[in-house]
Amino acid sequence: MTSQIPQPPSLPFIGNVTQLDKELPIQGFSLLAQQYGEIYLLNILGRKTIFLNSQELANQVSNDAKFVKIVGAALDEVRYLVGDALFTAHEHEPNWEIAHRLLMPAFNTASIRDMMEDMRDICDQLLLKWERFGPDHIIDPSDDLTRVALDTLALCAMSYRLNSFYTENQPPFAAAMTDFLKECFARSARPSFVQALMSGATTKWEADSQFMTDIATRILQERRDNPIEKKDLLNTMLYSKDHKTGQGLPDDAIVKNLLTFLIAGHETSSGLMSFMTYYLIKNPETMRKLQNEIDEVLGGQPVQYQDLSKMHYLTAVIRETLRLTPTAPMRGVTPREDTVLANKYFVKAGQPLVLNAWVFQKDPKVWGEDAHSFRPERMMDGKFEALPPHSWQPFGFGLRGCIGRPFALQEVSLVMASILQKFDLSFVDPAYNLELKQALTVKPKDLFIRAKLRTRAPQLRATSALPKQVISASTTPTSTKPTAVAGARCPMYILYGSNTGTSEAFAQRITNDAPNYGFAPTLGSLDSATGQLPTDGPVVIVTASYEGQPADNAARFVDWLSSLKADDLKGVRYAVFGCGNSDWTTTYQRIPALIDESFEKRGGERLAPRGVGDSSQGNFFEIFDQFTIDLWTTLTKAYSTVRSESPTSGFAVKIVDPGTTRPAALRQTDAGLGRVIENRVLTKPGHPVKRHLEFELPEDSTYRVGDYLAILPQNPPRDVHRVLAHFGFSNEQTVTISSVAPTFLPLDKSVSLAEILSGYVELSQPATTQDLRVMIEASSDEAVREQLTKLKDSYQSTVLARRISVLDLLEQHPNKVKLDIGTYLHMLPPMRVRQYSISSSPLWNAQHVTLTVSVLEEKSLTGKEQGFLGVASNYLSNLVAGDRVQMSVRASAAAFHPPEDPEIPLIAYCAGSGLAPIRGFIQERAFQKESGRKVGKIILFFGCRDPEADYLYSTTDLAEWSKLGVVDVRPAFSRFPDHSGGCKYIQDRLWDDRQDVLDAFKDKAQSFVCGSSQIAKAIRAQSVEILRSLRPNLSQVNAEEELNLLLEGRFATDVFD
């Protein structure tokens, strides 16, 4: 008996057009595969196509005797230019077979080897460009690698130079090709009646086609008029005869195949190299390992042909890149006769089938649960050769597979080995995660890098934890080189590793203070110092660990540091301050300790004991303040500098507008701006507010279930007005700010003071002990000085615990603490992004996300009538539909995603708004089940106060998904435990329902916890008790150790406090 092929709901006449992602089709097709599984059918304007998404199906249809290639809609448009050439010919057309037989010898091993020097010629042009532009130049690798690929093909195939590296903009031929291919892709998705109305686009498309045809024709004619003795592809097509038919290729066919080489060859090779660049920078340990292999094999000499076969790891990296991101991700076939796929899906002869290599090359049945991870080692030591048939198919298959595969692999190996031999590569935005763009092929979007000669000293660059902005490749980078400061005798280097902004804020604080102590500071991320650390001044590092791993902008540095040998850091004088949370005992302070110890072991001189800041303790900021006091004492002695009496040495604010007119210009929107769709309250009046927000993401953003949405908030208007009122300014006054030290504030331009207070600084953060010292020095009133001193001496209980800010203290002592606006701004930390777990699945809507947020609005602990407002939650609470918000998607920990196999059951524990990511998990399983897939049940332990007031989504989503059989909700109501079986908290409910949990665990369930650290601890503690109840002889310690072993790889947490 055969099974029906699943199909999404369709509409009359247009079918499944609404399921398509017009900008990024591969994303839409992949999400449908995630929802419907190994096979699904789409009806696009009456054309029915079946999509195949598993290795099993790919293997079955990779059979030239039973299945034949078909030309898809986009390639059919390309035929306007290249007709029946190799890549676009239909099976019955004779010219492609003749061309195939003629050209196969031109792509044999000896022929490809002979192209090595022409390939090197173009590669050297790229290397020279990157070297001359220098380490601060922002590079668009997709653009430059496209130039390499296009010029290499032109030179090797037809001995013609396009000279792409001698023009700032795209050469005319490349521009025409790019525009033509984009329009082919667009035309393939348009209904014919729409296309008929687009005469302008059609005229341009036809003109681009004619322009390229004219150039290829001219090249052919020049070769006829001026023959050369070179066995390139053009001569092969001109003078060879087909051994089977005795025919040669007519000029028209030669022109079309020349254009085919340029189109198909340059698009795929440049995409592969661009993706490879991304994966290597994202995985610094892989890049270092590959560079070590290149150095060992090449010994400092240029790449030679015989070297390529010795670089096994390079081959593995190329193969793994092609597995994860095949640049030509789909191919079409059709059965020659009626057939049955996978012994259950009947398919008629002639039915179009599309193999989605983007999906089936990540089939977890072949590649495991880490199928989406970049791990070149899976391609080594015989593993690649032992793969099931057709698990890896980036070059197509069989007779119609890519004829230029050996050419592409040699070119890519040469170019990438040469680049990595010469340069260290880094992201412009260390937090960049892969985004895609698609025409006929797929390439990275908005990927910008820097290339630094491996033998040169580093250029320190600050990197922000703010949401990314679109960067133009022509952007002039912001320099952070130290500015000369009067009286400063020594440079100073402050480096940070920070994802959430705390370590960056601490580093900025040290930078702000440095001129006061006679130093000229330079601020940069740790990654910007990779390669060589300065020795002409102290190096101060502020960094954190994230689940035991370095921050995004510190990963390359930590990897480089681990590769150093004894005395490599001789002459470096340093100090380290580490941020961490002691609740996570196994990874607490791992990265700061590693850096500190590695510096010492490799010859560095420690200037001060490592600072240890524990964010779970109340003295976190106080510890940092004490660290800086001790640090400045040490540094001023070690470097013989003198402290300035001015608390804001080198920092000034000048009023440039009396505030009588509005600012002339308004802030522009950018690609980082999302849009509010919905904002509604989930809880009943009189209870702590929790909200559901829906956003349209910035253009081309993508996400996975479980990811974060990073929001850049603004301070509550109430608090901005408080500052303005205290200092006597109107909300329309503008200022200019100048600073000799790097700062996060806008410099040397007119800017609204209200804008700075709203979006650039944290107004509500508790005053630090250093802030109190500044205020004591700024007051001449003995009574005030005495009160502030008492606060400093009892900082934990009187300031930090009560959340007293600098503004609170200034308002308590009006006119008695003489701080000007410049000093006040200088004291404030930069505005931080806030990360919220996304509470939706892309299967619901790939371009929209939802958040489930607790709004923090509490009684002030300072005794004021005004309550305390959480900055980000109140910013979100006041948004209305249509508002634009700066945001970006951030990847969550790799472990905090549901398993690839949807049949694996889940156990989830959360309370309040901690439900957010779990809601996304449940929503995803619901869509998969409704689409006909088998899914494992989710047992949800959910804690809240009141079944009528804050039992989130209980009567809507959770009720619907429970009825569907996707989730089994086990609530615990802390205020009404009688309504939850006597269970007050979720750990109580866990104990009551322990047998269900044990049964699920035996069924290979994976567990997820989202909420406060107290929840995570309580769940673990109760799990230990369950284990001991089963095995009473186990001690507490032994039970904890055994539980850790049992949960390894099956227990993930996403904890916030």
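These are my notebook entries on what I looked up in this structure.

**Entry 1: the whole chain**

I began by noting that this is a predicted model, and I then counted the secondary structure, finding 36 helices and 33 strands in the protein chain. I looked up the extent next, and the C-alpha trace of the protein chain spans about 105 × 70 × 65 Å along its principal axes. I also checked the radius of gyration, which is 32 Å for the protein chain, and this agrees with the value near 31 Å that a compact globule of 1057 residues would have.

**Entry 2: burial, surface and charge**

I asked myself what percentage of the 1057 residues count as buried. I found that 57% of the residues of the protein chain do. For the surface, I noted that the protein chain exposes about 44,500 Å², of which carbon and sulfur atoms supply 50%. I looked up the contacts between residues at least 6 apart in sequence, and 76% of these join residues at least 24 apart. For the charges, I recorded 112 positive and 125 negative side chains in the protein chain, with the centres of the two sets lying 1 Å apart.

**Entry 3: Trp 205**

I turned to Trp 205, whose place is in helix 10, running over residues 199–225. Is Trp 205 buried or exposed? Its relative accessibility is 4%, and because buried means under 20%, Trp 205 counts as buried. Leaving aside residues up to four places away in sequence, I found that Trp 205 touches Glu 77, Tyr 80, Phe 180, Glu 183, Cys 184 and Arg 187. I also looked up the separation of Trp 205 from Val 966, which is 761 residues apart from it along the chain, and their C-alpha atoms are separated by 50 Å.

**Entry 4: Asn 257**

I went on to Asn 257, which lies in helix 12, made of residues 251–282.

**Entry 5: Cys 402**

Which residue does the UniProt annotation "binding site" cover? I found that the annotation, which comes from an unreviewed entry, covers Cys 402. I located Cys 402 in the loop between helix 17 (364–367) and helix 18 (405–422).

How values were computed: Residues numbered from 1 in each chain as written. Predicted model: local features only at pLDDT ≥ 70, side-chain atom pairs only at ≥ 80, totals over all residues. Heavy atoms only, no water. Helix = DSSP H or I, 4+ residues; strand = E, 2+ residues; numbered from the N terminus. Rg over C-alpha atoms; globule rule 2.2 N^0.38 Å. Buried < 20%, exposed > 50% of the residue type's maximum accessible area, 1.4 Å probe, protein only. Contact = heavy atoms within 4.5 Å. Areas by Shrake-Rupley, 256 points an atom, 1.4 Å probe, with all protein chains shown as cover. Lys, Arg positive; Asp, Glu negative; His and termini not counted. Charge placed at Lys NZ, Arg CZ, Asp CG, Glu CD. UniProt positions renumbered as here; feature names shortened; annotations may be inferred.
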